[in-house]
Amino acid sequence: RGYLQMESIMKIQAAVTHAQGADFAIEEVTLSGPKANEVLVRIVATGVCHTDAVGRDLGVSPYPIVLGHEGSGVVEQVGENVTSLAPGDHVVMSFAHCGQCENCLTGHPTVCSRFNELNFGGRMDDHTCRLHQGDTDVHTFFGQSSFGSHVVAHERNVVKVDKEVDLALLGPLGCGIQTGAGTVLNRLKPDFGTSIAIYGCGAVGLSAIMAAKIAGCQQIFAVDVHQNRLDLARELGATHAFNGKEVDVVDEIRKVSGGGVHYAVESTGVPPVVRQSMHALRPLGVVAIVGVTPEMNIDVHNDLMAEGKSMIGVIEGDSVPRVFIPKLVEFYKAGKFPFDKLVKFYSFDQINEAFEASANGSVVKPILKLA
Ligand code: CXF
């Protein structure tokens, strides 16, 4: 608008990842205040997702970095031009997207043309860093960096939520839970009375199971190798649960479903399981791939073409977060989407322990409480 704005800088506490594979260190970091179309959010809690461990260990984003991409909190300040949010709003943060490319404009921001840059590139969409330690840039993750007491995020990826619901619970709706639920409800859209198989009963798979129940799937097959997760899957709506270490999953599913399922969600990323997910489909069946999977061979003719099957990739449940997350909150309030059963709370200083619990499978969805 042609005038200079004084930039406010605040000191915050954040869990910094200084180098590839390093433990999280909670330290003081400076955070620059919100620019136009951005908001300052005080973080109340943040989910721990496998992608944060990837960010820590695999060098996909530049270091040093503050990871975290399932933040929930309260808006404290809004930048110029922000009209959709106000101080005091309860919010959940989701993935960053440009809002301007064809996919964003047609309601598919999960495949934004700048998705990788904005979520993994370490900078905001104006290419600057908001976090610093002295003269050193500290990089941003998913346009939020929720492993800290405060964040600055673009209003586009900040979703206002109902104040009646415990805000500390809601962060994972911004990623893992919307990924599983959205894959079923936004992308597969199963017909009432159909069958679906869910491979992998972590946060994504279990959310897909709850969504399949909401959609009216008649048979919901849960597949995992841990009995505790299969038990939880049954509790959340799976009609059958198979332990891949104990039975031939493809045989069992084909037998019970009368020739294979209509749909599948593959969240393990394990090539032999991906193959099973195709083999246990009935002709014309569709499998959605949501697990990061290494290169593998598939028999395109026999496994796909000959039986009219499809394999589709889905990111973040093909969700428009500002539309989809409030719907999930409503279903939670109505007792139809009990994702709180996946959660265990930790204090912020237990961050390394929470990651360990996620990695060894003992906790489905750790949430760190900051306030
Ligand atoms: C990710 C999953 C891997 C691809 C990019 C989006 N979602 C959240 O962790």
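Start at Glu316: an N or O atom in its side chain sits 3.1 Å from a nitrogen atom of the ligand. That is a polar contact, meaning a pair of N or O atoms within 3.5 Å. Taken alone, the ligand exposes 280 Å², and the protein buries 81% of that. Those areas come from the Shrake-Rupley method with a 1.4 Å probe.

Thr51 places a polar side-chain atom 2.5 Å from an oxygen atom of the ligand. For His69, a side-chain N or O atom is 3.3 Å from a ligand oxygen atom.

A word on the model. It is predicted: local features need pLDDT of at least 70, side-chain atom pairs count only at pLDDT 80 or more, and totals for chains, interfaces and linings use all residues. Residues are numbered from 1 along each chain as its sequence is written, and side-chain values use heavy atoms, with hydrogens and water left out.

Who else surrounds the ligand? Among them are Cys49, Phe115, Cys175, Val292 and Ile315; near means a heavy atom within 4 Å. The shell divides into five nonpolar, two polar and one charged residue.

Now the strands. DSSP runs define them (E, at least two residues; helices are H or I, at least four), and pairing takes at least two bridges. β14 (residues 261-266) runs parallel to β15 (residues 281-289) over five bridges. Between them the chain passes through helix α8 (residues 271-279), a right-handed β-α-β crossover. Right-handed means clockwise from first strand over helix to second, with strands pointing away from the viewer. β15 also pairs with β16 (residues 310-313), parallel, by four bridges.

Terms used:
A polar contact is a pair of N or O atoms within 3.5 Å; within protein, one must be able to donate a hydrogen and the other to accept it, and residues adjacent in sequence count only if both atoms are side-chain atoms. Ala, Val, Leu, Ile, Met, Phe, Trp, Tyr, Cys and Pro count as nonpolar, Asp, Glu, Lys and Arg as charged, and the others, Gly among them, as polar.
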